[in-house]
Amino acid sequence: MSELPRVYATRHLPGGALGRLGERTRLDVWPEPGGPGPEVLARAAREADGLLCLLTDRVDAPLIAACPRLRAISSVSVGVDHIDLAAAGASGIPVGYTPGVLTEATADLAWALLLAAARRIPEAERWLRDGSWIPKLRWEPDLLLGRELHGATLGIIGLGAIGCAVARRARGFGMRILGWSRSLHPEASELGVEQTRLERVLAEADFVSVHVALAAETRSLLDAGALARMKPDAVLINTARGGVVDERALVEALRSGRLGGAALDVFEEEPLPTSSPLLELPNVVLAPHLGSATFETRARMADLAVENLLAGLEGRPMAHCANPEVEERR
Ligand code: DGY
């Protein structure tokens, strides 16, 4: 009987997926939160046939080149900007990822942030907890006024599965929806999204929600120039990747009142440094990268990532492969 493949997993995962993986492989799991760190990861991956990683593990070209046994990589994420796909491809290693299973959870979170920013929920809660809700201010006509969604325009940047799920929710709120993607998406049009130029989305939207993957073409897509095109009271929501927005330019726009607010789940540097000026701005709602953070979704992501890894190790096509040309070449 042939030896079981060796797998290194950089984190414990919710649900039973790792248990199943352990039945079909020789599995070694990094035991602590935070992952193994680059040196330990490089050492462990060198011995592995399969690598199960997270978006916080950098799987770059030098690491891949130093792993002669590696036959499959699988990330518990839809984003794969932490993996050098070209290097993996050149070494014939398929890279699995987990689209689809986190679509609704991420759209929910985008929507939660949008509502929180529009109705100033975190600011209102801080105010109440601070003891500012005194009898004299029991119900003031101009207290903590927010923005109405009905009839407002939502701009969606990136009309893939998550962008479309956000559009579906926007219909229920009676919003007009403009959208931009690098290619046309018929499904988005069926949902009532008017697909148009990025400049027009930015200029006309009251709320702009970002849903593009981070790649060379989308890095700093929303730079100072793009942010300057937005309405001065518009709100930017980002649940995609921090690198899509120029954070320094965003802070500048928010500080100077050229932009109404922002609701951010992702940042150029994560965790968000405690020195970040974003923490000082009252018109910003912040979350610590929680887009897919529901019990159900995280278990589905783990299941799919394990399925992808086993398929890669067993020479079968992965359910979701980020560099499918590798499988086509086989
Ligand atoms: C991903 O999967 O890429 C998200 O950012 C986290 O779930």
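The legends below describe close-up views of a predicted model.

**View 1. The two domains of the protein.** Domain 1 is made of residues 6–101 and 295–329, and domain 2 of residues 103–286. The centres of the two domains, taken over C-alpha atoms, are 32 Å apart. Six residues of domain 1 and four residues of domain 2 take part in the contact.

**View 2. The area buried between the domains.** Domain 1 and domain 2 bury about 470 Å² between them, and carbon and sulfur atoms give 46% of this area. On the side of domain 1, the residues that lose the most area to domain 2 are Leu55, Asp81 and Gly100, which together make up 64% of what that side buries.

**View 3. Polar and charged pairs across the interface.** One salt bridge is found across the interface of domain 1 and domain 2. In the salt bridge of Arg241 with Asp81, the closest N and O atoms are 3.0 Å apart. Two residue pairs are in polar contact between the domains. The side of domain 1 that touches domain 2 has two nonpolar residues, three polar residues and one charged residue.

**View 4. The residues around the ligand.** The ligand is surrounded by Leu55, Ser77, Val78, Gly79, Leu102, Arg241, His289, Ser292 and Met301. Four residues of this shell are nonpolar, four are polar and one is charged.

View 5. Polar side-chain atoms lie 2.6 Å from a ligand oxygen atom in the case of Arg241 and 2.7 Å from a ligand oxygen atom in the case of His289. For Gly79, a backbone N or O atom lies 2.8 Å from an oxygen atom of the ligand. On its own the ligand has 230 Å² of accessible area, and the protein covers 91% of it.

Conventions: Residues numbered from 1 in each chain as written. Predicted model: local features only at pLDDT ≥ 70, side-chain atom pairs only at ≥ 80, totals over all residues. Heavy atoms only, no water. Domains from an automatic or database assignment. Contact = heavy atoms within 4.5 Å. Buried area = accessible area lost by both parts, 1.4 Å probe. Salt bridge = Lys/Arg side-chain N within 4 Å of Asp/Glu carboxyl O. Polar contact = N/O pair within 3.5 Å; in protein donor to acceptor, adjacent residues only side chain to side chain. Nonpolar A, V, L, I, M, F, W, Y, C, P; charged D, E, K, R; others polar. Near = heavy atom within 4 Å. Areas by Shrake-Rupley, 256 points an atom, 1.4 Å probe, with all protein chains shown as cover.
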